[in-house]
Amino acid sequence: MPLSRIYSAIVAIILALGMIVFGGWYFTICLGVIVYLGLQEYFQLARAKGIEPAAKTTVVMSLAMLAVSTMSCDLADALFPLAGTGICFYLLFLPKLSTIADISTSIMGLFYGGYLPSYWVRLRGLGSAESSNLPLGGYWPAAGTDFKTLPLGLTTIGIAFSCIIAADIGAYIFGKSFGKTRLSDISPKKTVEGSVFGVAASVAVAVPGAWYLDWPGWPFTGVALGLLIGIASLLGDLTESMMKRDAGVKDSGQLIPGHGGILDRTDSYVFTAPLAYYFVALLLPLLPK
């Protein structure tokens with residue numbers, strides 16, 4: 001593995017840990033930078049197909065959705081249809097007649113780059129109001145703090161990110177060593193064997209996490225969360241590969257040395273966000289302890 005890829009991964013892990021621990025507006029701002037850069041790559045892929053989306057308007061609406069999610073989850077849900085309506089109005093009054101592809105790509109950008117990532121903000125915000133001890137709603141654990149006493153959003157997002165990383169690494173290593181059956185023509189390097197092992201690696205991380213945090217029915221809830229995240233991360237990877245294949249490019253960008261673009265590194269995190277959030281916020285409270 002090239003040293004540039006290793007160094008980039010180390011820097012990314014350090015930054016990710018920092019934003020996850022601090023939470024609050026620190027998390028939102030860092031995620032906003034990622035969303036901004038990711039949407040630039042997304043629209044670049046769209047323009048390679050001759051599509052002219054409402055890029056600036058979509059970016060502004062997506063960042064606004066992250067900010068509103070920090071303040072109120074309900075308002076974020078209300079903002080999504082309003083933002084979509086605003087994007088359509090903008091395209092209606094352009095001098096050049098917009099196409100169905102222009103409208104669809106813009107709304108997809110809002111959904112893919114704004115609404116879905118906003119669920120990471122919501123997830124990190126669980127339990128933050130009670131534990132905040134820094135300005136801007138931030139948090140820093142005191143010395144000797146037990147992992148179980150950390151804010152719910154912090155522990156859950158830590159498990160979710162760990163599952164995604166485990167699935168990614170497991171699929172890569174096992175697929176390289178033992179993969180023989182191609183999974184899909186969308187991504188020729190992905191194999192069935194690697195994908196199955198990646199999902200299994202996600203489960204292997206989620207189950208002990210559920211046990212340590214004493215989730216109700218932890219063997220089953222751990223397996224369920226691991227499966228959801230493992231499969232959703234794979235689908236996110238394939239979705240981004242499909243967009244790149246359609247645009248005729250190998251990587252979404254060259255921002256990260258050895259890794260490609262922002263979308264190439266964050267595609268597995270997009271569809272997992274709402275699943276992880278609703279699993280913890282809606283499902284777990286319904287289960288008997």
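Reader: Which residues are linked with E240 and K244 in a network of salt bridges?

Author: This is a predicted model. Within this model, E240 and K244 belong to a network of salt bridges. The residue that joins E240 and K244 in that network is D264.

Reader: How many salt bridges does the structure hold?

Author: Side chains of opposite charge can pair when their charged atoms come close. A salt bridge is counted where a side-chain nitrogen of Lys or Arg lies within 4 Å of a carboxyl oxygen of Asp or Glu. The number of salt bridges that the structure holds is 8.

Reader: Where in the chain are the partners of the salt bridge between K49 and D246?

Author: The side chains of K49 and D246 meet with a distance of 3.3 Å from N to O. The pair links distant parts of the chain, 197 residues apart. K49 is in the loop between α2 (24–47) and α3 (55–71), and D246 is in helix α10 (residues 218–247).

Reader: Is D246 buried, partly exposed or exposed?

Author: Partly exposed residues lie between the buried limit of under 20% and the exposed limit of over 50%. K49 has 42% relative accessibility and counts as partly exposed. D246 has 48% relative accessibility, so D246 counts as partly exposed.

Reader: Which helices are linked by the salt bridge of D77 and R122?

Author: The side chains of D77 and R122 meet in a salt bridge of 3.1 Å, N to O. The two residues are 45 residues apart, and the pair links distant parts of the chain. D77 is in helix α4 (residues 73–92), and R122 is in helix α6 (residues 118–125).

Reader: Is R122 buried or exposed?

Author: D77 has a relative accessible area of 30% and is partly exposed. Buried means under 20% relative accessible area. R122 has a relative accessible area of 2%, so R122 is buried.

Reader: How many residues apart in sequence are the parts that D168 and R265 tie together?

Author: D168 forms a salt bridge with R265, and their closest N and O atoms are 3.6 Å apart. D168 lies in helix α8 (residues 152–178) and R265 in helix α11 (residues 262–270), so the parts tied together are separated in sequence by 97 residues.

Reader: What is the relative accessibility of R265?

Author: D168 counts as partly exposed at 34% relative accessibility. R265 also counts as partly exposed, and its relative accessibility is 30%.

Reader: How many of the residues of α11 are buried?

Author: The helix α11 is mostly covered. Its buried residues are I262, L263, D264, D267, S268, Y269 and V270. These buried residues pack against α2, α5, α6, α8, α10 and α12 (272–286). Of the 9 residues of α11, the number buried is 7.

Reader: Are α2 and α5 roughly parallel or roughly antiparallel to each other?

Author: Two packed helices are described by the angle between their axes and the distance between the axes. For α2 and helix α5 (residues 100–115), the axes are 11 Å apart and the angle is about 150°. The crossing of the two helices is right-handed. Angles over 145 degrees count as roughly antiparallel, so α2 and α5 are roughly antiparallel.

Reader: How many residues of the contact of α2 with α5 are nonpolar, polar and charged?

Author: On the α2 side, V35, L39, Y42, F43 and A46 take part. They meet T105, M108, G109 and G113 in α5. The residues of this contact divide into 6 nonpolar, 3 polar and no charged.

Reader: Which residues does S118 touch, not counting residues up to four places away in sequence?

Author: S118 is found in helix α6. With a relative accessible area of 0%, S118 is buried. Leaving out residues up to four places away in sequence, S118 touches M65, L66 and S69.

Reader: What is the value of phi of L136?

Author: L136 is placed in the loop between α7 (128–131) and α8. L136 counts as exposed at 52% relative accessibility. Its phi is a positive value in a residue other than glycine, near 60°.

Reader: How far apart in space are A143 and L263, C-alpha to C-alpha?

Author: A143 lies in the loop between α7 and α8 and counts as exposed at 85% relative accessibility. L263 is one of the buried residues of α11. A143 and L263 are 120 residues apart in sequence, and their C-alpha to C-alpha distance in space is 36 Å.

Note on methods. Residues are numbered from 1 along each chain as its sequence is written. This is a predicted model: local features need pLDDT of at least 70, side-chain atom pairs count only at pLDDT 80 or more; totals for chains, interfaces and linings use all residues. Side-chain values use heavy atoms; hydrogens and water are left out. Helices (H or I, at least four residues) and strands (E, at least two) are DSSP runs, numbered from the N terminus. Buried means under 20% relative accessible area, exposed over 50%, partly exposed in between (1.4 Å probe, protein chains only). Axes are lines fitted to C-alpha atoms, for helices over the stretch in contact, and angles run from 0 to 180 degrees between N-to-C directions. Angles under 35 degrees count as roughly parallel, over 145 as roughly antiparallel, 65 to 115 as roughly perpendicular and the rest as oblique. A crossing is left-handed if the near helix is turned anticlockwise from the far one by less than a right angle, and right-handed if clockwise. Contact means heavy atoms within 4.5 Å. Ala, Val, Leu, Ile, Met, Phe, Trp, Tyr, Cys and Pro count as nonpolar, Asp, Glu, Lys and Arg as charged, and the others, Gly among them, as polar.
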